Amino acid sequence: MEWVKQRKLPACKAIQYNGQACHEMDDLWNALHNTYNSASGQDVDLSVLDPLPTLQERDWPPFSALELTDALVSCSSRSSPGPDHITWVHLKVILESHKAIQILLDLANACIRVGHWPKHFKDSISVIILKPGKPSYSTPKSFRPIVLLNTIGKLIKKMISNHLQFDMIKYDLVHPNQVGGVRQRSTKDARLFLTHLVRTGWAKGKKTSVVAFDIAQFFPSLNHAMLLAILRKQGFLSVVTKFFASYLVDRFTAYMWGSFRSGPHQADVGVGQGSALSPVLSALYIAPVMKLYHMNPVSLKTSLLSFVDDGTVVAQSKSLDENIETLKEVYTLLLSLFVALGLVLEHSKTEYFIFDWLHSDYSPPLDLGYAPYTGDNPLKPNLY
């Protein structure tokens, strides 16, 4: 299988971390672990959720054999196994037995009923691979971890994710403009949405200005206390929030660098990578930002689109200068909402676009109000 082949790592003198070369393996493991878990510890303000209604608790139906088999069919047989060394091929053969299916269903339903995620499923292996096209591979940020999880736990999480996806849509837990982490919404929907806004604006003689922003280290930054508070607000049963309180803590991962493997490192930040639950939990986490934003009058002058850790604000009017003032006001509002949720906007990655059908010579820059794009270094537009 392709994943078991030896990966040739790029040649470099040594990985540099905090200005020091990692000459010992323990130094390398600490550098990798601190890099991928550096987003922990951001403060949150739970009171930001107060304006939102608290939905009535609703039932969580037990998992069925059909849900299990549907989740199993969607699993690729080429996917890499985790610490349990069980492949999807093995599991699919085992689950041809109705007795085995019932045992796994009893386990999955018991996890929710008692609000507990077994320690066995919290262990993982993080295989370090390089990010392609980097000019240098001398820092940990030039690499990324591929997280390998225990296979049976992955199947149970797929079933839980399917339940969450169903509730998200049926009970309007996410905003219609959220297209990341929500089933049957994709980047194509985001492109069509933006294209529609621009062209309808042109038809009305309006100019369109867009600011695209990025949330730094999104998945590791999701605060556990805030996530549980959001789930309670959204009407999930107390045993479900109790399950996630157990699921989110006491997770451990071992790092793999080529043929070298570290000991276990605690990896409790965020919602974890590689899990079927991460996209849906992230969508539920962002949902309050979208809803609080649309409760503010400024939303009447703009459109906000969210795709996982990326966001886009669209302002339209007869004047580009008016658009700029609106975008500055909106960006400050969004920043305050994200900060309250313990998230950080990476201002250096913010982009600014102007869609002008007439392609006039006037294309004013945007003083974002936050470094590095403020004062003498405003954000210059990309023109379309």
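Strands β3 (123–130), β4 (143–149) and β6 (252–257) each supply at least two residues of the lining of the largest cavity. Strands here are DSSP E runs of at least two residues and helices are H or I runs of at least four, numbered from the N terminus. The model is predicted, so local features need pLDDT of at least 70 and side-chain atom pairs count only at pLDDT 80 or more, while totals for chains, interfaces and linings use all residues. Residues are numbered from 1 along each chain as its sequence is written, and side-chain values use heavy atoms, with hydrogens and water left out.

The structure holds three cavities of 30 Å³ or more. A cavity is a set of points on a 1 Å grid over the protein atoms alone where a 1.4 Å probe fits but cannot get out, and lining residues have an atom within 4 Å of a point. Grid points are joined across faces, edges and corners, and a volume is the space filled by probe spheres set on the points. The largest cavity has a volume of about 330 Å³. Of its 23 lining residues, V147, R251, A267, G272 and Q273 are the closest to the centre.

The second largest cavity has a volume of about 50 Å³. Its lining includes F213, I215, M290 and F338. Two or more lining residues come from each of α10 (277–294), β8 (302–307) and β9 (310–317).

The loop between α10 and β8 contains L300. This residue, L300, is exposed, with a relative accessible area of 77%; exposed means over 50%, buried under 20% and partly exposed in between, with a 1.4 Å probe and protein chains only.

Aromatic pairs number 15 in the structure. Rings of Phe, Tyr and Trp (its six-membered ring) pair if their centres lie within 6.5 Å, and planes under 30 degrees apart count as stacked, over 60 as edge-to-face and the rest as tilted. The Y36 and Y255 rings form a tilted pair, because their centres are 6.5 Å apart and their planes at 40 degrees. Since Y36 lies in helix α1 (residues 25–36) and Y255 in strand β6, this pair ties together parts that are 219 residues apart in sequence. Both Y36 and Y255 are buried.

The pair of F244 and Y247 is edge-to-face, because the ring centres are 6.0 Å apart and the planes at 90 degrees. F244 and Y247 are three residues apart in helix α9 (residues 238–247), which means about one helical turn separates them. Ring pairs also link F244 and Y247 with W117, F121 and F243 into a cluster.

Conventions:
On a 1 Å grid over the protein atoms alone, a cavity is a set of points where a 1.4 Å probe fits but cannot get out, and a pocket is an open set with protein on both sides within 12 Å along at least five of seven lines; lining residues have an atom within 4 Å of a point.
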